[in-house]
Amino acid sequence: MPPPVSADRPPAGHPAGAPSGQVGRAEWGLLTDEADWSVELYRILGLDPSAPALTLDELPALVHEEDRPRLTAMVTDCLVDARPIDGEFRVRRPDDSVRTVHMRGEPVLGTDGGAVSMWALIRDVSELHWPPRPSDTAPEPPPARRPPLQGPPALDLAVHHPVGSPPVTAAADWCDVLELPGGAALLSVGDLTGPDPATLLGAVHGLALADIRPAQLLAILDQLGTTTSLRGAVCCRYEPQNRNFTWARSGRPVPLLFRQGTGRRLTAPDDPPPGADSPYGQAELTLRPGDLLVLHTDRLSEPDVARLLGLGPRLSTTRTARECVRLLGAGQHGDACVLVARVSG
């Protein structure tokens, strides 16, 4: 378990207002019955941050009586069958106001395959359900499973590296593509360090699906206190409706952009001012049909990056992202992860 949340709690009486969209974190230890909550979760639930975090057995007391069976079913499926949690329910705050929250989480498995703890990200989505829908109390269908490299139709993708598969060692490069509601996509690469990659990668997906933007996503990952960290990371969001590309980084790599036969490194975003919500800067640009993006991890050396940039004229003649990967000769770069995204519309 991470250090108790009391280490960063504000004093008793801190304002408990929770703006819609705020995300809180929780982890429950099943062997010790301990609970660890972020301050943001206390605010979402309208609770005093100086009070002990509720255990899984105590949590239903806050849940709207009509939604308690839904929460119980989600938690049971997670702990017994190791299924990810992904669903909404209503909570009744101490001031008798009702909020709707979206919960995403996963179990953390021990060496015997049994669950030893459970983490969750809980987002206030009340403004998305006002006025309440008649179906609010109906169980939600399970989320659709998608192939790892399926992004928006207007984005052609290819990769040199097994996508989304847990590393077999304590340190390995990793890359992933996740299609988001509304047709956007999360593209991310990075260096995973630690023994429990599944928990961290699940958190990346949960935050992205909660509409957390790249810079804030990286900042929240820094605060999760998991045994695995994502270093040298590049996190990007692509919206095909307006071809908007938003990205942030933690470490050295920056995306490469190839346009009309010329390759260049994207300019790294400036550091945010003191007091900003995230210690990471975030940059945006509008892509064009035919643009080619290359994301890579730290294991790709500077000479290799320079060589790739020199391939701009040849890359302009390719028709698919897979052809680009072959031309880049990504297999020459060992354990480095190279993700190619071509704007096709």
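These legends accompany an overall view and several close-ups of one predicted model. Residues are numbered from 1 along each chain as its sequence is written, and side-chain values use heavy atoms, with hydrogens and water left out. In this predicted model, local features need pLDDT of at least 70 and side-chain atom pairs count only at pLDDT 80 or more, while totals for chains, interfaces and linings use all residues.

**Overview. The chain has 7 helices and 15 strands.**
Helices (H or I, at least four residues) and strands (E, at least two) are DSSP runs, numbered from the N terminus. Of the 345 residues, 51% count as buried. Buried means under 20% relative accessible area, exposed means over 50%, and partly exposed lies in between (1.4 Å probe, protein chains only). Contact means heavy atoms within 4.5 Å. Among contacts in the chain with a separation of 6 or more, 63% are between residues 24 or more positions apart.

**Close-up 1. H296 sits in strand β14.**
The strand covers residues 292–296. H296 is buried, with a relative accessible area of 3%. Leaving aside neighbours within four places in sequence, H296 touches V189, P253, V254, L256, V305, C337 and V338.

**Close-up 2. Strands β11 and β12 form a hairpin.**
Strand β11 spans residues 256–259, and β12 spans residues 262–265. The two run antiparallel and are joined by 4 bridges. Two strands pair if DSSP finds at least two bridges between them. L256 has R265 in β12 as its bridge partner. L256 is also one of the contacts of H296.

**Close-up 3. L59 lies in the loop between α1 and α2.**
Helix α1 covers 39–45, and α2 covers 68–81. L59 is buried, at 7% relative accessibility. Beyond neighbours within four places in sequence, L59 contacts W28, W37, L54 and L71. T72 is 13 residues from L59 along the chain. The C-alpha atoms of L59 and T72 are separated by 9.9 Å.

**Close-up 4. C78 and C324 are two buried cysteines.**
C78 has a relative accessible area of 0%. C324 is also at 0% relative accessibility. The structure holds 0 disulfides. A disulfide is a pair of cysteine sulfur atoms within 2.5 Å.
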